[in-house]
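Welcome! Here is a short briefing to read with the model open beside you. Take your time and look up each residue as you go.

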Amino acid sequence: MKAVPAVRSLRALDALNFFLADVREGIGPFLAVYLAATLHWNPAQIGLAIALGGIAGVLAQTPMGALADHVRQKRLLIVIATAVIALGSLATLLIGTKTAIFSAQIAMQIAAAVYPPTVAAITLGLVGYRQMDRRTGRNGTFDHAGNVAGALFAGWLSSALGPNAIFFFAVVMSIVNSFAALAIRERDIDHELARGAVNGNAAHVVRVRELLRNRNLAVFAVAVALFHFANAAMLPLVGQFLAAGKMRGATLDMAACIIVAQLVMTPVALLAGRLAHTWGRKPVFLIGFLALPIRGALYTLSHDPRYLVAVQALDGIGAGIFGVVSVIVIADLTRGTGRFNLAQGAIATATGIGAALSNALTGVVVENFGFNTGFLFLAVIAAVAVVFFAFAMPETKSRAIISGARFLSPLRFRLAKSVRPVC
């Protein structure tokens, strides 16, 4: 039985997720606005800068997942990654050449690959499998709340002091985030459980080729790659459109887009964790998938900034669900293997491939055919992702967990019991 962690460690995990939101992406989606409005880069150049970082991140994801499985100094990993992102943000601003910006994006994306598997590993090591789904939802809620607070402050800072202030804000948040990581008590983390070993069985760690033979894991990887291919370029594309012909207002508009989506994600993440515990993983995930093609199509109907901000609410549904339920599904599929974080890294590689291709190809599409064609291109990919996931991916929630959800209505409980568990 997993020992109950100290309240201090759980509160520190809340703080880590809250402040990590402002660090994880460096200057995040504001990069597209900065490059377009301040340095006057065209969409193809911006897409290349984001794609180079994305490719580096893809190559780093699986090794970082394996590292999180084997290294016990998980808090230190977060501190080191945070320092790299702070330095990359400063290099982008203070040096400002194409070489410096490309190099900074590569370094920051490699460092950012540390965060997803390491935070999930710490979470599993703290609370165990029984609380993993609901705790992951709580993590997502604090993460998105941090994004709202960060975007509000960054938008105000940029409006008051200029877009350069955002880079210094990222550095300050990096320092705060490091303190939050170190506040988690090391002795509260069960490091064998954190890698997916059951009952402290460190000796039983499956070989990598056994993971590669897992059909459901492969199907899930393809599904999330399609999801991110459709999703990754949408917000940067909105940012580029908003930046056309503007200098200062575009950053504020982009902040509004982020805030609206994150405001929706904050309750959605908490609800997704709870519903994944009671309904199962697949129906909740399908809701998130369906929001994406609708969002892409709606972007083509108007380019009024207020309308674009409103449509971003759909991103709150899709991304809010994805960020929570994807971690839970991977935990389901790797339970007892000792390869939880390696599998997370492999899945993150699939999502990174989708995201990198999305930014690179969509940038070319927009450069040649315009913004509406770019949005429709992404919407079609999203529709393919919905169909593939609906027909190819099974439910991953175990019967043991479903049988504990007896507070559900009798009809829903009977339907839940009929779901065939995936081992």
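## A helix on the inside

Helix H2 is largely enclosed by the rest of the structure, because eight of its eight residues are buried. Keep in mind as you explore that this is a predicted model. The chain has 423 residues, and buried ones make up 59% of them.

**Helix H2 and the overall fold**

- The buried residues of H2 are Phe30, Leu31, Ala32, Val33, Tyr34, Leu35, Ala36 and Ala37.

**Aromatic pairs**

- How many aromatic pairs does a search of the whole structure find? The search finds 13.
- One of them joins phenylalanine 18 and phenylalanine 19, with 5.2 Å from centre to centre and 90° between the planes, an edge-to-face arrangement.
- Phenylalanine 18 has 24% relative accessibility, so this residue counts as partly exposed.
- Phenylalanine 19 is also partly exposed, because its relative accessible area is 23%, and the buried class is kept for values under 20%.
- Tryptophan 41 and phenylalanine 102 make another pair: their ring centres are 5.8 Å apart and their planes meet at 65°, so this pair is edge-to-face, a label given to angles over 60 degrees.
- Why does the pair of tryptophan 41 and phenylalanine 102 tie together parts that are 61 residues apart in sequence? Tryptophan 41 lies in the loop between helix H2 (30–37) and helix H3 (43–70), whereas phenylalanine 102 lies in helix H5 (residues 98–112), so the pair links these two parts.
- Are tryptophan 41 and phenylalanine 102 buried or exposed? Both tryptophan 41 and phenylalanine 102 are buried.
- Elsewhere, ring pairs connect Phe220, Phe227, Phe285, Phe289, Phe322 and Phe389 into a cluster.

**Charges over rings**

- Which residue lies over the face of tyrosine 129? Arginine 335 does, at 4.4 Å from the ring centre.

Methods
Residues numbered from 1 in each chain as written. Predicted model: local features only at pLDDT ≥ 70, side-chain atom pairs only at ≥ 80, totals over all residues. Heavy atoms only, no water. Phe/Tyr/Trp six-rings, centres within 6.5 Å; stacked < 30°, edge-to-face > 60°. Buried < 20%, exposed > 50% of the residue type's maximum accessible area, 1.4 Å probe, protein only. Helix = DSSP H or I, 4+ residues; strand = E, 2+ residues; numbered from the N terminus. Lys NZ or Arg CZ within 6 Å of the ring centre and 35° of its normal.
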